[in-house]
Amino acid sequence: MKTRYLTGLLVACIAVALIASCKKDSKLPDQTPIDYTAIKTGVPNALDKLTDTLFKTYGVRVFYEFNPRVIDPTTFYVPAQFDKAQLYTKYVIEKTWLEPLSKSFPKFLNDQKPIEFLIVGTGIHFNSINSGTAAGAGLNAQYYRLGMGGVDNLAFTKAGIREHICILYHEHAHQLDQKYGRGYAYDRVSQGTYYQLNYASRTDAQAQTDGFFRAYGGYAPEEDFATSVEAMIRYSKADILKIVAKNAKLATKYQMVYKFYLDKGIDLHQMHDVLDDVVNRLPLQ
């Protein structure tokens, strides 16, 4: 087996898609310093060969083995189980994400792809690897690295993967938001109406009448933006138009996000249709 550890020690910030509270230890456990750049070589397995192929073909280096403290010394990202990582790399990263984008919107993929992708098995552990997981759908605020959590619990079915790819686009939306900025005009549309932490008491149906695709989108402008992208990947154009007809502010933001992506080389409505077809043809139940 060949084990790789990620390079790059300094990061600007780490964002997670879920908001959760966690109890932090008053004293950090003693830890031996770790060389994050260490590389071990051995006989490559089938997954190593697949990740090498993906790197050569698309320029994205997939990591399924890494030190849990790869990003931050006090935050732990646990790699996925090997069998789950193998399924994830083949059916999510290759077949549902990179390959369809390269065929349908190659310029967008070439310009906006992360160059590293982490496959995280659980959520995120703070301060100690033995602590309960708090937040962690993905890592998204680093321009060069994307990652998704909860892979150990992902259902590798057509329905499970189709839902998961929506969240992957949500996480990638945060990267583009950080990179280019969604714009002050976007934030002003629903200014003063965000739920903040009260989003948990709203249903998605209520949120749509208030101007958000999902209740979680009402948490803050950055999640409003990302959940709009997520919605266009999840629902058909016809369904999106029905939803945005419920609220003029939602219709305005939808047009802004749709154009934001169109200007960068991808039609999200067309991508939705492509993904429906791609996932339907996967050799899964």
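1. Helix 2 and helix 4 cross in a right-handed sense. On the helix 2 side the contact is formed by Y88, Y91, V92, T96, W97 and L101, and helix 4 answers with I161, H164, I165, L168 and Y169. Sorted by type, the residues of this contact come to nine nonpolar and two polar, with no charged ones. Please keep in mind throughout that this is a predicted model.

2. Now the geometry of that pair.

3. How does helix 1 pass helix 2, in a left-handed or a right-handed crossing? The crossing of helix 1 with helix 2 is left-handed. Helix 1 spans residues 46-58, and its axis lies 10 Å from that of helix 2 at an angle of about 20°. Since angles under 35 degrees count as roughly parallel, helix 1 and helix 2 are therefore roughly parallel to each other.

4. The residues behind the helix 1 and helix 2 contact are worth a look too. Helix 1 supplies A46, L47, L50, T51, L54 and Y58, while helix 2 supplies F82, A85, Q86, T89, K90, I93, E94, L98, E99 and S102. This contact of helix 1 with helix 2 divides into nine nonpolar, four polar and three charged residues.

5. Setting aside residues up to four places away in sequence, V92 touches L87, W97, L154, I161, H164 and L168. V92 and H164 are 72 residues apart along the chain, yet 8.4 Å separates their C-alpha atoms.

6. Y88, also placed in helix 2, is buried as well, at 0% relative accessibility. Beyond its neighbours within four places in sequence, Y88 is in contact with I93, F117, I119, M148, V151, L154, F156, H164 and L168. From Y88 to V151 the separation is 63 residues along the chain and 7.5 Å between C-alpha atoms.

7. Which residues touch the most other members of the largest nonpolar core? They are Y88, W97, F117, I119, Y169 and Y261, in a core of 66 residues. Helix 2 contributes the most to this core, with eight residues. Another core lies apart from it and has eight residues, including Y77, L118, V120 and I124.

8. Not counting residues up to four places away in sequence, W97 touches V60, V92, P114, F117, L146, I165, L168 and Y169. Of these, I165, L168 and Y169 also belong to the helix 4 side of the contact with helix 2.

9. Over in helix 10, residues 268-280, you will find H272. Is H272 buried or exposed? With a relative accessible area of 4%, H272 is buried. Leaving out residues up to four places away in sequence, H272 touches R162, M232, I233, R234, Y235 and S236.

10. Two loop residues may interest you. Q196, in the loop between helix 5 (184-189) and helix 6 (204-210), has a positive phi of about 55° although it is not a glycine. Q196 counts as exposed, at 55% relative accessibility. T74 belongs to the loop between strand 1 (61-63) and strand 2 (75-79) and is partly exposed, with a relative accessible area of 29%. T74 and S128 are 54 residues apart in sequence, with their C-alpha atoms 7.1 Å apart in space.

11. Finally, the chain as a whole. Its secondary structure comes to 10 helices and five strands. Of its 285 residues, 50% are buried. Among contacts between residues at least 6 apart in sequence, 77% join residues at least 24 apart.

Definitions and conventions. Residues are numbered from 1 along each chain as its sequence is written. This is a predicted model: local features need pLDDT of at least 70, side-chain atom pairs count only at pLDDT 80 or more; totals for chains, interfaces and linings use all residues. Side-chain values use heavy atoms; hydrogens and water are left out. A crossing is left-handed if the near helix is turned anticlockwise from the far one by less than a right angle, and right-handed if clockwise. Helices (H or I, at least four residues) and strands (E, at least two) are DSSP runs, numbered from the N terminus. Contact means heavy atoms within 4.5 Å. Ala, Val, Leu, Ile, Met, Phe, Trp, Tyr, Cys and Pro count as nonpolar, Asp, Glu, Lys and Arg as charged, and the others, Gly among them, as polar. A nonpolar core is a set of buried Ala, Val, Leu, Ile, Met, Phe, Trp, Tyr and Cys residues joined through side-chain atoms within 4.5 Å. Buried means under 20% relative accessible area, exposed over 50%, partly exposed in between (1.4 Å probe, protein chains only). Axes are lines fitted to C-alpha atoms, for helices over the stretch in contact, and angles run from 0 to 180 degrees between N-to-C directions. Angles under 35 degrees count as roughly parallel, over 145 as roughly antiparallel, 65 to 115 as roughly perpendicular and the rest as oblique.
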